[in-house]
Amino acid sequence: MKACTNKKIIIVIICFIAVVLYAVAVYRVNKNTPVVEYKTIEKGDEVTYKNYTIKVIDSKVYDLSELKKIYGIEDYEYKAPLEDEHVKCILTHMVITKNYEWTNDMDYEYSAINGEVSTSTWSNGIEGDLFYLINSDYTASEDKVGESYDVMVPVLALDIHYPEKMWNDLLGVPTYIVYEYNKEFGGIPRLMIN
Amino acid sequence: MKNQIKRAIFSKGMLIVLFISIVLNALFIKYIIGRYNELNATMIKNDGGIRPLDRSPFNCFILINPTVYGTYYHYIIPLLCALPFAASYSIERKKGYVKNEFIRQGKINYIVKKIVATFISGGIAGSMPAVISFLWIFTYRPYIAPTPASGEVAGSNTTIGMLYFTHPFVYYGLFFISMFAICGCFALIALLISDFTVNVLTVLISPMFIDVVLSAVLSNDKTKYLMSSMLELRREHNYVATFFVVISCISFISIVMYIHNKNRDCY
């Protein structure tokens, strides 16, 4: 009887140590990871970053084919990874005001907006080509400090991946843009639409 | 009942399952961390940093991450479920021990206890590698809630699928419960086979064999109602269908065993 009790006590102690070690490991991983701050810019909000001021005017969801017709860019080709995936585009109308002079060490946020870099937005990110085609006037212009520009930010998404409710939210009014601010990489904001 | 469950959980088969779980997960973690570091280096070189959402632990455990170890695990799930206790009935029949038990506690009573213990042990054994993997990955990756922005989804177009984004732990809790039930059913299939044969090897591989044959024979539409297919997290599976499949499986196996054993004299 006594041996059995001792065995139970040993098992309990081992379990307790395992739980504590696990908790410490999880705590250390989370402690060493930089805090990811999310900034939500809702429709109509204005946010000032180091280099830009951004104001979100509106956001709409289109079929990619529909968007191509609107902007007369039928030549634009995009192939979904799978044939049965239907491509949609969330087009966000923003007003960007430049606060800085262009330098070679240009901040990442400019790149993210300009679609030069694939962002973590949805599954496919901002399509750089599509951005240039839609905003040809803006990309061709030499943007000056203090001036505001209308920019349409396109984000492609494959609707097969997203729950129906999420699309309904997007199609409704409270569509908003989230900037993810990651301290780990020197304050790189990344554009996401949520 | 308590004795049977204790025998099932503290069996050698369960130890083997635990060992397989640890080995499989260690290999998986080694592979996934290596791949993550590689990706991180490339991303820093090209883009200035890895996409932080790629580090979310919720889309990175053995059952849903498309790695070779996940595929191995997926195929051996039925075998793992049968390992701890499913063959015990055939062993007891072979040794004649079952006659003593029938006299002591009654035939039907004994079989009911066997069914319950096998179901529980099978559920634990089958879902053990997934649960261990889920817990283990949190010691390597920080808590980052899944968002649609990262393109990671599970069970989309279902009400429960939405929980993945809003309450990921609740989502996985429900998933593991359903997985437990499905794995329990795999073990019951092996128990049913053990009612007809005393060959342990046949009993152990029978759920795996049935699953593979059914997957090969059925069309894609029907395959999604197979128990193994329901374990695929990214499939748009229906928890209601899972519930009905599990209940049907338990009822069918119980009825067949009851009828088969009711007037049986030779064991």
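**Close-up views of a predicted two-chain model**

**View 1. Helices α3 and α8 of chain B.** α3(B) packs against helix α8 (residues 168–194) of chain B at an angle of about 60 degrees, and their axes are 7 Å apart. Axes here are lines fitted to C-alpha atoms, for helices over the stretch in contact, and angles run from 0 to 180 degrees between N-to-C directions. Helices (H or I, at least four residues) and strands (E, at least two) are DSSP runs, numbered from the N terminus. α3(B) and α8(B) are therefore oblique to each other; angles under 35 degrees count as roughly parallel, over 145 as roughly antiparallel, 65 to 115 as roughly perpendicular and the rest as oblique. α3(B) passes α8(B) in a right-handed crossing (left-handed if the near helix is turned anticlockwise from the far one by less than a right angle, right-handed if clockwise). From α3(B), the contact (heavy atoms within 4.5 Å) uses B:Tyr73, B:Ile77, B:Pro78, B:Cys81 and B:Ala82, and from α8(B) it uses B:Met179, B:Cys183, B:Phe186, B:Ala187 and B:Ala190. The residues of this contact of α3(B) with α8(B) divide into ten nonpolar, no polar and no charged. Ala, Val, Leu, Ile, Met, Phe, Trp, Tyr, Cys and Pro count as nonpolar, Asp, Glu, Lys and Arg as charged, and the others, Gly among them, as polar.

The model is predicted: local features need pLDDT of at least 70, side-chain atom pairs count only at pLDDT 80 or more, and totals for chains, interfaces and linings use all residues. Residues are numbered from 1 along each chain as its sequence is written, chains are lettered from A and ligands numbered from 1 in the order in which they are written, and side-chain values use heavy atoms, with hydrogens and water left out.

**View 2. Helices α3 and α6 of chain B.** The axes of α3 (residues 68–82) and α6 (residues 107–137) of chain B come within 8 Å and cross at roughly 155 degrees. That makes α3(B) roughly antiparallel to α6(B). The crossing of α3(B) with α6(B) is right-handed. On the α3(B) side the meeting residues are B:Tyr73, B:Ile77, B:Leu80 and B:Cys81; on the α6(B) side they are B:Gly122, B:Ala125, B:Gly126, B:Ser127, B:Pro129 and B:Ala130. The residues of the contact of α3(B) with α6(B) divide into seven nonpolar, three polar and no charged.

**View 3. Helices α6 and α12 of chain B.** α6(B) packs with helix α12 (residues 239–262) of chain B at an angle of about 150 degrees, with axes 11 Å apart. α6(B) and α12(B) are therefore roughly antiparallel to each other. Their crossing is right-handed. B:Lys107, B:Ile108, B:Ile111, B:Ile115 and B:Phe119 of α6(B) make the contact with B:Ile250, B:Ser254, B:Met257, B:Tyr258, B:Asn261 and B:Lys262 of α12(B). The residues of the contact of α6(B) with α12(B) divide into seven nonpolar, two polar and two charged.

**View 4. The two sides of helix α5 of chain B.** In α5 (residues 97–105) of chain B, B:Val98, B:Glu101 and B:Phe102 are buried (buried means under 20% relative accessible area, exposed over 50%, partly exposed in between, with a 1.4 Å probe and protein chains only). Seen down the axis of α5(B), the buried residues fall within an arc of 100 degrees, so they line one face of the helix; the arc is that of the directions from the helix axis to the C-beta atoms. An α-helix has 3.6 residues a turn, so residues three or four places apart point the same way. The face of α5(B) turned away from the buried side carries the exposed residues B:Ile103 and B:Arg104. The buried residues of α5(B) pack against α4 (88–95) and α6 of chain B. After α5(B) comes B:Gly106, whose phi is positive, near 90 degrees.

View 5. B:Arg93 is in helix α4 of chain B and counts as buried at 8% relative accessibility. B:Arg93 and B:Thr197 are 104 residues apart in sequence and 9.3 Å apart in space, C-alpha to C-alpha. B:Cys60 lies in the loop between α2 (12–46) and α3 of chain B and is buried, with a relative accessible area of 1%. B:Cys60 and B:Ile29 are 31 residues apart in sequence and 9.5 Å apart in space, C-alpha to C-alpha.
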